[in-house]
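Student: I am new to this structure. Please take me through its salt bridges, pair by pair.

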Amino acid sequence: MTSRSLPFLVLLSVLCASSALGARPVPASAADGMAMLQRMEAARIQGSPSALRTELDAQEAKAPRDPMPRLYRAFLALPSDESFSEFKALAVLYPENPWPHVGMGLVYVRWKMLKEASAPLEAARKAVPGFAPALWVDGLRLQAEGKPAEAEARLREALAKLDVPRIRTDLGLVLAGRPGGAAEARALLARSVKDWREQPEALQVLSRLAGEAGDVKAGAEAGALLVALQPHDREAHRRQAEAWLAAGDKVQALKMLERYATLGGAEPTALATWARLSAELGRPEDEEKALVRLSAATPKDVEPLSRLATLAEARSDLAAMEARLTQAVAAAPGRADLQVRRARLFLKQERLVEAMAAYRATLAAPERPVPEAVEETAQLSRRLRLPATPAKGTVEQIYDRVSLGLVALYLEHLQANPDLKGNLKVRVDVDPTGKPTQVVVLYDSLQDALITQGASVAFMDAQYPPGSGPQEHQYVFRPPR
C-alpha cells in the first residue's frame, strides 16, 4: 500500500506552528474519549452523524487550541484516507497525546494492515502507560490476526483498567466464539447493551446466546432491541416474530409480522402465521389484512379466499363473501365445498337461477364432495317445479312441458294471493345445436320471482331442435273462474 506520510515541508510547518501555541492542551481521558466514540457509533446507527459533526465544529471554533474536536471528527470519518492523515498530523503536533496514535492503529486494523497497527498503538502506550483504549484496539488487532486467546487477554487487560460498554462488547464477542465462553460472553454483552443499546452485532449475538441457553424470553428481548435499531429491515422483523412466538408472546409476534408485511414481506409461511395469530387473538380485521396479502402471495391456494369469505359472512357482508367465493371457484372449479357455498349464498338471497347452476356445479365437482348437496339440489328443483327430465322435442312440446310446472306454482301462490295475475314473456336464445344460451325476460307483469326464475331454469335446461333459432314464449296467468 502507498505511504500516507505527510510531505516534509507540511510537517515542518506544523511543528513550527506547534511551538508557538504555548501551554500544551490536556488530552481527553480514556473514559471521556471512549464515551465520545460510543456517541459516534450511536450516531452512525441512528443515521445522524452530521449533527455530531456540527457539534464538533462548534467546539473547535470555541476552543481552537484543543485538538480533541479535530480528533473526534477524524474518528467519525474512519476508516478513510482523510481520517488517517488527520490522525498522523495530530500525532506530530501532539506526540504526548495518545489519541492520535490510537486512531491510526484503529484505521490500520480496519484496513486489515495489522502489522502496521502495532507501532502507533505502542506509541500510545508509551505516551500514557497502560492506556486502556490502546489496549482495546490492540485486542482487536490480535483478534483480526486469528489469535483469540491473546485478544481475550489484551481485552481483559483493557477492561480491568476501564470498564466501559465498548470494551465489554468486544471481549464478549471474542468469548462468544470460544468453547466454554458463552456464559461469560452473554453476561458481558447483557451488561454492555444495557448501558448502550445501539449495538446491532452485540444484540444479535446476545439473542443467539440466550436462545442457545434455552432462555427464549431473554433472546426475544434482545432481538426486540435489535429490531428497534433496524426499523426498515423486514427480515429482522420476521426473525423477531419467530423469537416472540418461541417466547409465547403472540401479541408481540403479531406486531412484528404486521410490520414485516408492511415493509413488503411476502413469505407465505410468515403471512400464514400472521393470519393464524390474528384469528387466535380474535382480531378479524388483522386476519383479513393478512389473508389478503397471503392470497396475493399464493394465488393457487384458495384457502385464504375461503377464509376471507367466512369473515365477510360473519360481518354480514354478502357482496364481499360472494366476491371471495367467486375468486376461489375460479381458481379451483373442481372443489365441491366451494361451489356449494356459492349455491347456498345464492339460495339465501333468493337468486334461484344462480343457485341451481351452482348446485349443479357442486354435484359435478370431483374434489371434496358434499353429500348433502344432492338433497339440497333436489329440494330446489321441487321448489321451482322443474320437469323431472329436461324438456325436449318440438318447440310446442317444450312449451307445454315447462307450462306444467309454472301453472302448478301459480296455483300454489294463488292460495296466499287470490288476486295474483299477469303476463310473463321470455325469449330463449338457442345455438345451432338447439342448446339454449340465455333466457331473457321480455315482459313480466305477474312479478312472481319464483315463477319467473322457474321458467328461466326450465327453458335453459331444454333441448330445442337444431336450427330452431331464438324462441319467444308467453304465459297469461289468471285465477280460474
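Tutor: Start with Arg344, which is partly exposed at 33% relative accessibility. Here buried means under 20% relative accessible area, exposed means over 50%, and partly exposed lies in between (1.4 Å probe, protein chains only). This is a predicted model, in which local features need pLDDT of at least 70, side-chain atom pairs count only at pLDDT 80 or more, and totals for chains, interfaces and linings use all residues. Residues are numbered from 1 along each chain as its sequence is written, and side-chain values use heavy atoms, with hydrogens and water left out.

Arg344 meets Glu376 in a salt bridge, at 2.8 Å from N to O. The two sit 32 residues apart, Glu376 in helix 22 (residues 372-384) and Arg344 in helix 20 (residues 336-348). A salt bridge needs a side-chain nitrogen of Lys or Arg within 4 Å of a carboxyl oxygen of Asp or Glu. Helices are DSSP runs of H or I, at least four residues, numbered from the N terminus.

Next comes Glu287 with Arg307, whose closest N and O atoms are 2.6 Å apart. Glu287 belongs to helix 17 (residues 284-297) and Arg307 to helix 18 (residues 303-314), so this bridge ties together parts 20 residues apart in sequence. Glu287 is buried at 5%; Arg307 is partly exposed at 33%.

Now look inside one helix. Arg141 and Asp138 form a salt bridge of 2.6 Å, N to O. They are three residues apart in helix 8 (residues 132-144), about one helical turn. Arg141 is buried at 11%, and Asp138 is buried at 3%.

The structure holds 44 salt bridges.
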